[in-house]
Amino acid sequence: APRFLLVAQALGKLGLPQLLPEVYFSLCIMSSSYSVSLAGPAPWGFRLQGGKDFCLPLTISRLTEGGKAVKAGMNTGDIILSINGISSEGMNHLEAQNKIKACTGNLSLTLKR
């Protein structure tokens, strides 16, 4: 089955409204990924939420005003796709947090709006 149909079915199981597949397809096209490189060391200026253990994507939940993340153009709600070139798919919250904390030089993130 096409990916957007699987999404529609999953949302339906969660009790969320199902939209036409064309709407999901449009939403997928409208989101875009981008990369940032934050100069170390920490603090990076963002807070993380989600992870495999929460059954939620890793997302940016809070930004520090004037912090490195804000200056790099990150937004709350952005989904983290990779941390220093390592895919975050399947990462639990602590794994992602530890990968970010272990970074002493530049922190490279790929995110999706």
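This is a predicted model: local features need pLDDT of at least 70, side-chain atom pairs count only at pLDDT 80 or more; totals for chains, interfaces and linings use all residues.
**Cysteine 55**

I found cysteine 55 in the loop between β2 and β3. Then I looked up its backbone. Phi of cysteine 55 is near 55 degrees, a positive value in a residue other than glycine. Most residues other than glycine have a negative phi.

**Asparagine 84**

I turned to another positive phi. For asparagine 84, which is not glycine, phi is near 50 degrees. Asparagine 84 sits in the loop between β4 and β5, with β5 spanning 86–87. Is asparagine 84 buried, exposed or partly exposed? I read 34% relative accessibility, so asparagine 84 goes down as partly exposed.

Next I checked peptide bonds. Most peptide bonds are trans. Which residues does a cis peptide bond join here? I found glycine 40 and proline 41, with omega at about 5 degrees. I also looked at the bond from alanine 42 to proline 43. That bond is cis, with omega near 10 degrees. Proline 41 lies in the loop between β1 (33–38) and β2. Proline 43 is in the loop between β1 and β2 as well.

**Helix α4**

I moved to α4, residues 93–101. Which residues of α4 are buried? I listed His93, Ala96 and Ile100. Their arc around the axis is only 70 degrees, so they are on the same side of α4. I then looked at the face turned away from the buried side. That face carries Leu94 and Lys101, both exposed.

What do the buried residues of α4 pack against? I wrote down four strands: β2 (46–51), β3 (56–63), β4 (79–83) and β6 (107–112).

I checked the N-terminal end of α4 too. Asparagine 92 caps that end. One of its side-chain oxygens is 3.1 Å from the backbone nitrogen of leucine 94.

**Histidine 93**

Where does the side chain of histidine 93 reach? I traced it to the backbone oxygen of glycine 50, at 2.9 Å.

I also listed what histidine 93 touches, leaving out residues up to four places away in sequence. The list runs Leu48, Gln49, Gly50, Gly51, Asp53, Phe54 and Leu58.

Conventions: Residues are numbered from 1 along each chain as its sequence is written. Side-chain values use heavy atoms; hydrogens and water are left out. Buried means under 20% relative accessible area, exposed over 50%, partly exposed in between (1.4 Å probe, protein chains only). Helices (H or I, at least four residues) and strands (E, at least two) are DSSP runs, numbered from the N terminus. The arc is that of the directions from the helix axis to the C-beta atoms. Contact means heavy atoms within 4.5 Å. A polar contact is a pair of N or O atoms within 3.5 Å; within protein, one must be able to donate a hydrogen and the other to accept it, and residues adjacent in sequence count only if both atoms are side-chain atoms.
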